[in-house]
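Hi everyone, thanks for coming.

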Amino acid sequence: MTHDLFPILRAALWGGGAVPPLSSALRAELQAQAVEGLTAQLYPGSLKYQLAAQFVWMAAAQADAVKLLQGADIPVVVLKGTAAGIYYPQPYLRTYGDIDLLVPPRCYEKALCLLRQNGYVQEGETGTSNTALWKSKFLFELHQFPAGMDTVPEGHWMIDFIHAGFNDIQTAVIEKPACSFPMLPWQQNGLELIWHFRVHLYNGIGLRHAIDWMMFVHRCVDDAAFEHFKSVLERSGLLVLAKVVTRMCQLYLGLEESITWCRDVNEALCEDLMRFILDQGNFGHKRTDDKAAKVMTKYRTPLSFLKGMQQRGLYSWPALKKHPALRPFAWAYVGVQGVKQYLKPGGLKALKAARAENTQRRALFDQLYGSKLTSPDISAPHVPVTAAKSQTKSGAKLAFRQRLRPIYERICKTPLRAPLYHLQNAYFACRYPLFGKPRITDEDRKNVEQNVTFLYKSFNRQRLAKKLYRCIKRYYPKARVVIADDSAQPLNMEDLARDDTVLHLPFNSGLGKGLAAALSQVKTPYVMRLDDDELLTPRSNVHGQLKYLQKHPEVDLVGLQATHRRPEKRAARSARIRMNKPLKIPAGSVIDGLQVLYKPVNVYVVRTDSLRKVGFDPNIRMIDHHEFFYRAAGQIVCVQDPHAYVMHCHNLFEKADYSIPRGDIRSDAEYIAKKHGAKYQ
């Protein structure tokens with residue numbers, strides 16, 4: 001395949017070579033591919049100076065937004081835009097669109113509020129991944145994770161990896177025109193660039209996206225660097241796509257042949273991809289007749305197709321502004337519009353052509369990254385949602401829980417609470433044996449019994465405290481157990497072993513005092529901390545956590561998950577948590593397969609000396625979880641096992657003698673706020 005466009009781009013990016021005359025047709029193609037600015041140094045005219053002036057204006061607006069967020073102690077980096085232009089020979093020659101800023105999820109709502117208070121006008125409602133705002137004729141998009149990344153199976157890992165980049169923010173400096181900005185480390189930035197390419201395959205992609213990736217590879221990913229980057233691409237499901245795009249850039253755009261890690265791809269696939277890019281143009285501007293084909297390619301199952309119709313309807317149905325009650329039927333509006341379109345003369349013929357084009361596109365996309373991945377859905381990025389949350393679909397879940405809460409609170413005040421309490425207990429009693437019998441070798445059991453003390457606190461739930469004690473003894477019969485009890489009626493353990501201890505404390509002493517007292521009785525080098533409504537399961541793998549700590553002296557604590565339903569999802573949620581404190585080993589680092597993080601779930605195996613180093617604050621009666629790990633950050637190293645879990649027998653209908661004291665947390669919140677100040681988060 002030959003095209004006069006390629007010699008122009010090669011000369012603009014690398015220099016040398018014959019440059020064809022810039023005809024009107026070539027100029028139109030350059031504009032359609034969003035790469036016209038690259039020709040400014042090849043042909044005489046004022047375009048170069050216009051681009052430089054626009055870049056200065058855009059960079060100043062970007063710097064103002066960054067300075068505003070940083071002044072409020074909000075970590076921020078630039079996505080795409082100048083973070084891609086930094087790799088170009090002259091960054092101002094790249095074509096720029098909106099300004100994308102990424103902040104940690106914990107700062108997302110705070111950042112939005114701050115921007116709105118300083119003259120940034122929000123467009124639409126708050127989005128789950130990103131929200132648009134306008135100021136000084138520039139469109140800003142504030143992200144808490146890259147758009148569409150939460151819609152693919154690998155998304156949780158990619159989001160965690162991107163957020164790990166906040167531990168090592170880079171300052172990029174452009175000399176002419178002079179500007180600087182914060183950006184992600186090279187691996188995170190590269191992942192975002194190839195992800196951006198993959199996202200826009202569905203909506204139409206231009207040469208600008210390919211050149212962004214090519215210039216990144218030219219500057220950062222030679223054969224030696226690829227050995228470090230390969231695992232990131234593999235785990236993201238983007239390795240094949242990255243190789244094909246890189247080889248395509250070598251064949252058509254002049255990327256150096258010294259890069260060999262992409263040589264094993266099928267060059268015919270590279271040709272098919274380039275044809276598709278030239279056919280589409282940037283964001284599909286060259287095609288206005290393929291909307292049906294794009295929809296068919298994007299939504300591969302009837303359920304995803306229906307969800308897509310609902311999203312499009314929410315975005316485009318004018319009647320919803322006056323009649324919000326129609327929102328559940330937004331899909332019907334899109335369906336009616338589609339039927340009307342294809343009932344027109346020539347409609348069926350167009351539908352048949354769209355199906356044929358869809359077949360070709362699916363074949364191409366499946367070769368690039370495999371059909372197991374669903375299409376990222378960013379066609380309507382500003383569809384109104386109920387709340388800004390960092391987790392997939394969490395906005396909808398939050399709204400559902402908010403609607404249920406008044407019903408739940410009303411039930412808890414009626415006589416129905418008692419039978420529901422016993423019904424849920426019966427469920428847990430039936431559910432637990434389904435996990436199977438413990439399968440532990442004698443060597444592993446002996447290792448735990450000699451080295452680990454199980455520690456938990458009991459309050460007004462004698463049945464659960466006894467059940468947990470028996471469960472521990474079922475797995476590790478000779479292990480030592482220490483229980484701190486501050487119940488109204490002292491815990492009576494009829495079958496308490498001689499070496500085990502129940503510490504009776506004054507009523508409602510609280511978690512801090514109870515755990516501190518229990519910790520003072522520990523004599524083993526390791527502790528497992530539990531709550532009294534949890535049970536060990538065959539997947540808890542306490543002996544595995546112990547061996548891990550014995551093997552890795554640099555790690556102090558291994559967290560488990562407190563749910564038997566999709567524990568990996570809970571682990572991914574914990575890995576996203578960030579605090580305003582540096583760690584001894586950066587969050588996101590992987591040590592022998594387990595990820596370093598700030599705050600695991602409140603079930604963990606820990607070195608006794610490390611636990612005593614952090615300690616429990618006796619002034620905190622209930623909400624000690626975050627406060628403990630806030631103090632632990634920088635002192636001890638915490639990792640989590642995403643596959644190990646205990647069973648959490650949390651009963652929503654607990655009796656009032658437990659739930660009322662437990663819900664009294666106001667004094668704790670006031671104490672913590674006074675102790676740690678405004679930076680506590």
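Let me start with how to read the model, then turn to the aromatic rings and the helices.

This is a predicted model, where local features need pLDDT of at least 70 and side-chain atom pairs count only at pLDDT 80 or more, while totals for chains, interfaces and linings use all residues. Residues are numbered from 1 along each chain as its sequence is written, and side-chain values use heavy atoms, leaving out hydrogens and water.

Now, the rings. A search of the whole structure finds 19 aromatic pairs; rings of Phe, Tyr and Trp (its six-membered ring) pair if their centres lie within 6.5 Å, and planes under 30 degrees apart count as stacked, over 60 as edge-to-face and the rest as tilted. Take Trp57 and Phe138: their ring centres are 5.1 Å apart and their planes are at 75°, so this pair is edge-to-face. Trp57 is partly exposed, at 48% relative accessible area, whereas Phe138 is buried, at 12%. Here buried means under 20%, exposed over 50% and partly exposed in between, with a 1.4 Å probe and protein chains only.

Phe216 and Phe229 also pair edge-to-face, with 6.0 Å centre to centre and 70° between the planes. Both Phe216 and Phe229 are buried.

Finally, the helices, which are DSSP runs (H or I, at least four residues) numbered from the N terminus. Which residues of H9 meet H10? They are Phe226, Lys230, Leu233 and Glu234, and they meet Leu239, Ala242 and Lys243 in H10, where contact means heavy atoms within 4.5 Å.

Definitions and conventions. Helices (H or I, at least four residues) and strands (E, at least two) are DSSP runs, numbered from the N terminus.
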